[in-house]
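This report describes how the elements of one protein chain are arranged and how they pack together. The sequence and the structure are shown below.

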Amino acid sequence: MEPQQHDHGTAPGTGTGTGTSTDPGSDPRTGTNPGPDHVALIQAEWRRERPDLDVSPLAVIGRLHRLAARLTGELCLVYSRYGLGEGEFDVLAALRRAGAPFERAPGELAAHTMVTTGAMTKRIDRLERAGLVARRHSEDDRRGRVVALTDAGLRLIDEAFTAHMRNEHRLLALLTPDEAAALETLLTTWQHRLDGARPDAV
């Protein structure tokens, strides 16, 4: 399952930039040296063609972009076993996390899953046709409408989420516990700083 390749990358070699090698070196878990990856080759080409530019950021962002696409594909394999796409899984998971009676307003669901209300409506429609959610009046405000898990939806998301966590453990097991902890810290720090950056900083 190879994700579509986008033009981001890094490579060993010299040229404008940090000048550091991006050869990953020996893997301490296997003792092997995989050599430059596909992303590395792309950056090598850019260093050759545009030596006037510092293309070192591609070493990080290019790999994150490629890894994100690969991980999404791995996760979607599990969702599909339960007849779900990524969007449908996100809706059911957001409802399950809400706790009994497992309901949220459509706008709240859209905010939790970071999609537009129009896109959320389409997801809810599909799940409702499948008998996994139901629209009803809110118990707190009879004028408002909420989306709630049905009994079938609750059973399905509990099974699917169990498999999802097993899958994520499998993927993360490719790192050592120390590597996973360090990566979590770095990603959290970067996300916080990016969230606090000025929109016009670019």
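## Basis and overall composition

Helices (H or I, at least four residues) and strands (E, at least two) are DSSP runs, numbered from the N terminus. By this rule the protein chain comes to seven helices and three strands, and along the sequence they follow the pattern α-α-α-β-α-α-β-β-α-α. The model is predicted: local features need pLDDT of at least 70 and side-chain atom pairs count only at pLDDT 80 or more, whereas totals for chains, interfaces and linings use all residues. Residues are numbered from 1 along each chain as its sequence is written, and side-chain values use heavy atoms, with hydrogens and water left out.

Of the 202 residues in the protein chain, 29% are buried; buried means under 20% relative accessible area, exposed over 50%, and partly exposed in between (1.4 Å probe, protein chains only). A contact requires heavy atoms within 4.5 Å. Among contacts with a separation of 6 or more, 58% join residues 24 or more positions apart.

Glu86 lies in helix 3, which covers residues 86-97. With a relative accessible area of 35%, Glu86 is partly exposed. Leaving aside residues up to four places away in sequence, Glu86 touches Thr72, Cys76 and Tyr79. Cys76 is ten residues from Glu86 along the chain, and the C-alpha atoms of the two are separated by 6.2 Å.

Two packed helices are described by the angle between their axes and the distance between the axes. Here the axes are lines fitted to C-alpha atoms, for helices over the stretch in contact, and angles run from 0 to 180 degrees between N-to-C directions. Helix 3 packs with helix 4 (residues 106-113) at about 110°, their axes being 10 Å apart. The two are therefore roughly perpendicular; angles of 65 to 115 degrees count as such, those under 35 as roughly parallel, those over 145 as roughly antiparallel, and the rest as oblique. In this contact, Asp90, Val91, Ala94, Leu95 and Arg97 of helix 3 meet Leu109, His112 and Thr113 of helix 4. By class, the contact of helix 3 with helix 4 contains four nonpolar, two polar and two charged residues. For these classes, Ala, Val, Leu, Ile, Met, Phe, Trp, Tyr, Cys and Pro count as nonpolar, Asp, Glu, Lys and Arg as charged, and the others, Gly among them, as polar.

Helix 5 (residues 117-129) packs with helix 3 at about 85°, with the axes 10 Å apart. This angle makes helix 3 roughly perpendicular to helix 5. Gly87, Glu88, Asp90, Val91 and Leu92 of helix 3 form the contact with Met120, Arg123, Arg126 and Leu127 of helix 5. Four nonpolar, one polar and four charged residues make up the contact of helix 3 with helix 5.

## The sheet and its cover

The three strands form an open antiparallel sheet in the order 1-3-2, where two strands pair if DSSP finds at least two bridges between them. Strand 1 (103-104) and strand 2 (133-137) are the edge strands, each pairing on one side only. Helix 3 packs on the sheet and touches strand 1, strand 2 and strand 3, its direction making about 95° with that of strand 3.

Strand 3 (residues 145-149) is joined to strand 2 by five bridges and to strand 1 by two. Strand 3 is mostly covered, as four of its five residues are buried.
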